[in-house]
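I opened the notebook to go through this model one element at a time. The entries below follow the order in which I looked things up.

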Amino acid sequence: MAGQVGSVLAVVAVLAALAAAVVAVVRLRARRGIATAMQRATYDVLHTAALAADPLRAGLSPGTAAKAARPLRTLVGAAGLTITDGDTCLAFDGRGSHHSEQFTAAAVRALDSQRSIVLSASDLPCDLVDCIVRGAVVAPLPSPDGRAVAAIVAVADDHPAPGLVQATLEAARWAGSQLALAELDSSRERLAKAEVRALRAQISPHFIYNALTAIGSFVRTDPERARELILEFAEFTRYSFRAHGDFTTLAEELRSIDRYLTIERARFGDRLQVRLQIAPEVLPVGLPFLCLQPLVENAVRHGLSRKPGVGMVSIEAQDAGAECHITVEDDGVGMDPAVFAAGMPETDDGQHVGLANVDERLRSVFGDHFGLVVETAPGAGTKVSMRVPKFHPGVRA
């Protein structure tokens, strides 16, 4: 009897332990999850908005409109939704697509007036007996220049209520802001390419003439040296004027700099000394194309060429944890630090335009904390430092 009682108590104890474990798991899941209906609703809205934001940030096209139409319709709560550029229906989701031509015509009127339009059933005649369309809200998508060029049309299965009108207007304003960000990204990309073209244009007048003059001086006295310099010059220009890729590796940039310095040493002879100290770990680090070469050219052209006697250019690249620290230093004539106080402006002979260009591109790619740091003084040389993250989103050599 006592044994049976003990068995029953053991079973009860096991059941109690299991019940406690189940309660603990339920509570844990409740804490990890979204506990209230308001939190769940907020999450759903933000998640749906994110689904529409990604394609819109790529610009407006039939493909991106098709991906954005459904989440936009969900946000608005409409029976159907179309995105139009005023000429064609770029995408349609939901019900009422047989009214596409009427919606596009209404969008043209809205874009011409730059005002939203509310359509009733009388504005949308239809021969279909089972047509559910009873109205629509047409809202232009605002643009930075104040002139909307696209619109969304929310389809209503009843007369458009104030809630649908307001939701459509807010969705249009939000979608317009995403398209504005897409245009900003595109503008930044065009600016970055223009800045690289500016650097390439700078290389041409400042370097090519002197390089060819130096090579020409060896044609008769040392033909083999002249041939080697021509090959180095050809490889340098091939890299500098390449038509693909916004980014490169530190190894590739240093290889091009080595060719540049080989040609410059042909000009200056023993007057130009070079010291390299490169950590092997940082050679694969990605960085903007042509962001290091202008610093070296600046050191040679504006630092050492004006200095009598021997000059030294030092290039260092150190491993600093999550970053790569790069410095280019010369013991040349230096300059007044006040020149850089106004953002490193270009001087009459083009001096330091390369530094300003590189500084702007580094900040554009990596953020404002990653610009150039310039240390200089008259007669004390110049040291230019930069920090480059080893890994950064979108930077692929």
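Which residue stands opposite Ala154 in E5? I looked it up and found Leu81. I note at the outset that the model is predicted.

**Entry 1: the sheet**

I traced the strands next. They form an open sheet of five, in the order E2-E1-E5-E4-E3, with antiparallel pairing. Strand E2 (89–94) and E3 are the edges, each pairing on one side only.

**Entry 2: strand E5**

I counted bridges on both sides of E5 (residues 151–156). Six bridges join E5 to E4, and the two run antiparallel. E1 and E5 pair over five bridges, also in the antiparallel sense. I then checked burial. Six of the six residues of E5 are buried, and the strand is mostly covered. Ala151, Val153 and Val155 point one way, while Ile152, Ala154 and Ala156 point the other.

**Entry 3: strand E4**

Is E4 (residues 135–140) buried or exposed? Six of its six residues are buried, so E4 is largely enclosed by the rest of the structure. Gly135, Val137 and Ala139 point one way. Ala136, Val138 and Pro140 point the other way. Gly135 stands opposite Ala156, Ala136 opposite Val155, and Val138 opposite Val153. On the side of E3 (residues 117–120), I found four bridges, again antiparallel. There Val118 stands opposite Val137.

**Entry 4: Ser120**

I stopped at Ser120, which lies in strand E3. Its side chain makes a polar contact of 2.9 Å with the side chain of Ser122. I set aside neighbours within four places in sequence. Ser120 is then in contact with Arg134, Gly135 and His159. Of these, Gly135 belongs to the E4 group pointing the way of Val137 and Ala139.

**Entry 5: the cores**

Which residues have the most contacts inside the largest nonpolar core? I noted Leu250, Leu261, Leu292, Leu295, Ile326, Leu372 and Met386, in a core of 45 residues. Several elements supply at least two residues each, including helix H5 (162–216), helix H7 (250–268), strand E10 (323–330) and strand E12 (382–389). H7 gives the most, with eight residues. Ile326 touches Leu250, Leu292, Glu316, Ala317, Val384, Ser385, Met386 and Val388. A second, separate core has 24 residues, among them Ala78, Leu81, Ile83 and Ala139.

**Entry 6: helix H2**

I finished with helix H2 (residues 37–56). It has 20 residues and reaches 29 Å from its first C-alpha to its last. That is close to the 28 Å expected at 1.5 Å a residue. Which residues of H2 are buried? I found Thr48, Ala49, Ala52, Ala53, Pro55 and Leu56.

How values were computed:
Residues numbered from 1 in each chain as written. Predicted model: local features only at pLDDT ≥ 70, side-chain atom pairs only at ≥ 80, totals over all residues. Heavy atoms only, no water. Core = buried A, V, L, I, M, F, W, Y, C linked by side-chain atoms within 4.5 Å. Buried < 20%, exposed > 50% of the residue type's maximum accessible area, 1.4 Å probe, protein only. Contact = heavy atoms within 4.5 Å. Pairing = 2+ DSSP bridges. Polar contact = N/O pair within 3.5 Å; in protein donor to acceptor, adjacent residues only side chain to side chain. Expected span 1.5 Å × (residues − 1).
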